[in-house]
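My notes follow in the order in which I checked things.

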Amino acid sequence: MMEMTPDHQALRELAETFVKETINPNVEQWERDRQLPTRALFKQMGELGLLGINKPPAFGGLGLDYSYQAVLAESMGLVTGAGVALAVGVQTDMATPALARYGSDALREEFLRPAIAGEQIAALGVSEVGGGSDVSAIRTWARRDGDDYVVSGSKMWMTNGCQADWICALVNTREVDRARPARMPLDKSLIIIPTDRPGFSVGRKLEKMGMHCSDTAQVFFDDVRVPCRFLIGSEGRGFPYQMKQFCDERLSISLSTIAAMHDTLSRTIAYVRDRSTFGGPILSNQAVQFRLSELVAEVDILRAYAWQTVENFVRGRDVGRESAVLKLGAGRLVRRVNDQCLQLWGGMGFMDENVVARRYRDQRLISIGGGTDEVMLQIISNALGFDRMPASSESL
Ligand SMILES: Cc1cc2nc3c(=O)[nH]c(=O)nc-3n(C[C@H](O)[C@H](O)[C@H](O)COP(=O)(O)OP(=O)(O)OC[C@H]3O[C@@H](n4cnc5c(N)ncnc54)[C@H](O)[C@@H]3O)c2cc1C
């Protein structure tokens with residue numbers, strides 16, 4: 001595991017204190033509201049420097065390597081409503097990495113700086129009704145008209161979608177030729193679409209089984225005009241840019257989830273140590289001890305793998321396969337951790353206010369968002385050189 005320096009420790013203390021003192025006391029209210037005060041929360045986090053840890057100092061970031069961002073992701077795992085961690089993760093690890101890596105200085109000045117300061121809310125627009133796993137099937141189209149792109153289409157399940165100031169959107173900028181899959185990766189571009197432009201609308205806020213405080217929206221683009229200079233990097237490179245941005249996303253989701261699993265297990269161990277049945281603590285049963293020990297051991301192993309991946313990422317290596325292995329592992333393990341821990345709380349486990357119950361609902365998303373378990377398996381299969389999927393799923 002990577003060595004944690006005093007700077008890492010100081011950052012962890014700052015972030016965990018913020019989570020415990022400023023976020024967690026409000027989570028139940030935000031869950032009831034079905035809404036985060038995202039603007040106020042991000043402003044506070046921006047002032048503490050927490051929204052630009054690994055972003056360039058020239059645009060207000062701290063310029064630290066990804067291992068420090070990983071510390072923030074772990075700290076966000078301690079939030080008692082994963083919807084908050086999701087909103088923050090979108091701002092730091094899902095909607096801004098490509099802009100920070102490939103955006104022009106003018107674009108970064110206009111959109112990255114306010115996102116780092118917590119003055120603007122970012123969202124990521126990749127998935128569409130007809131293209132979630134199969135990203136190559138997206139239909140949203142940006143046609144050139146003079147110095148503008150004119151965007152038409154829609155995006156589905158967009159986190160922060162109701163409150164976002166701008167969207168990092170994956171769109172087609174060339175005729176999609178599904179008969180020639182080799183060309184498909186060059187059909188797409190990432191562009192910034194501000195949400196105050198005429199023709200943009202939020203269709204509806206989506207009701208979900210969990211992540212209640214996080215807003216998720218379907219949004220529409222009806223001939224939305226944006227200047228061509230809002231293109232991130234080069235036209236036609238959006239697909240590979242987004243594949244790399246998915247690595248940040250999958251690392252961040254996994255690190256938060258692993259930290260949350262440790263927290264869920266600690267809370268559960270404390271509960272079964274304290275609660276007695278049939279004349280002794282529930283934890284005195286060897287079956288319970290072994291079940292918890294096994295889960296703790298599996299979470300420990302996954303965390304070691306996560307930090308090995310972080311180290312490789314910091315060294316500039318391609319972690320496409322590792323981040324897929326990690327998210328697959330985190331998504332599957334968290335379902336077992338939450339289910340088995342909830343069982344150990346008995347009736348209390350089924351109560352709405354119980355953190356374990358909330359995580360049971362919220363973290364079901366880990367096997368779906370940022371690419372499903374099956375998409376992760378496809379990436380791993382491709383990395384192993386197994387026969388590829390039919391053309392329509394080549395992009396996985
Ligand atoms: C709460 C929430 C927040 C989200 N936030 C965002 C966001 O901010 N931005 C964004 O762009 N997206 C977001 N998403 C969308 C998410 O990334 C997609 O839902 C996800 O990628 C799956 O796509 P889909 O829903 O279209 O499923 P589908 O692609 O329809 O897949 C359905 C099922 O079939 C399986 N499947 C599909 N193809 C194959 C195959 N070839 N072989 C085997 N199995 C297959 C899938 O794994 C899945 O289990 C969010 C989703 C949710 C629920």
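I am working with a predicted model. I began with the length of helix H1 (residues 6-23): at 1.5 Å a residue its 18 residues should span 26 Å, and I find its end C-alpha atoms 24 Å apart, which agrees.

Next I asked which residues of H1 are buried. I listed Leu 11, Ala 15, Phe 18, Val 19 and Ile 23 as buried. Looking down the axis of H1, I see these buried residues fall within an arc of 100°, so they line one face of the helix.

I then looked for what covers the buried residues of H1, and found that the cover includes helix H2 (27-33), helix H4 (66-76) and helix H5 (82-94). For H4, I find that its axis and that of H1 come within 9 Å and cross at roughly 30°. That makes H1 roughly parallel to H4, and I noted the crossing as right-handed. Among the residues of H1 that meet H4 I wrote down Leu 11, Ala 15 and Val 19, and on the H4 side the meeting residues include Tyr 68, Val 71 and Leu 72.

Last, I turned to Gln 245, which lies in helix H8 (residues 238-274). Is Gln 245 buried or exposed? I count it as buried, because it has 27 C-beta neighbours inside 10 Å. Gln 245 touches Pro 97 and Ala 98, leaving aside residues up to four places away in sequence. I also noted that Gln 245 and Arg 101 are 144 residues apart in sequence but 9.4 Å apart in space, C-alpha to C-alpha.

Key. Residues are numbered from 1 along each chain as its sequence is written. This is a predicted model: local features need pLDDT of at least 70, side-chain atom pairs count only at pLDDT 80 or more; totals for chains, interfaces and linings use all residues. Helices (H or I, at least four residues) and strands (E, at least two) are DSSP runs, numbered from the N terminus. The expected span of a helix is 1.5 Å times one less than its number of residues. A residue is buried if 20 or more other C-beta atoms lie within 10 Å of its own, exposed if 12 or fewer, and partly exposed in between; C-beta atoms are placed from the backbone. The arc is that of the directions from the helix axis to the C-beta atoms. Two residues are in contact if their C-beta atoms, placed from the backbone, lie within 7 Å. Axes are lines fitted to C-alpha atoms, for helices over the stretch in contact, and angles run from 0 to 180 degrees between N-to-C directions. Angles under 35 degrees count as roughly parallel, over 145 as roughly antiparallel, 65 to 115 as roughly perpendicular and the rest as oblique. A crossing is left-handed if the near helix is turned anticlockwise from the far one by less than a right angle, and right-handed if clockwise.
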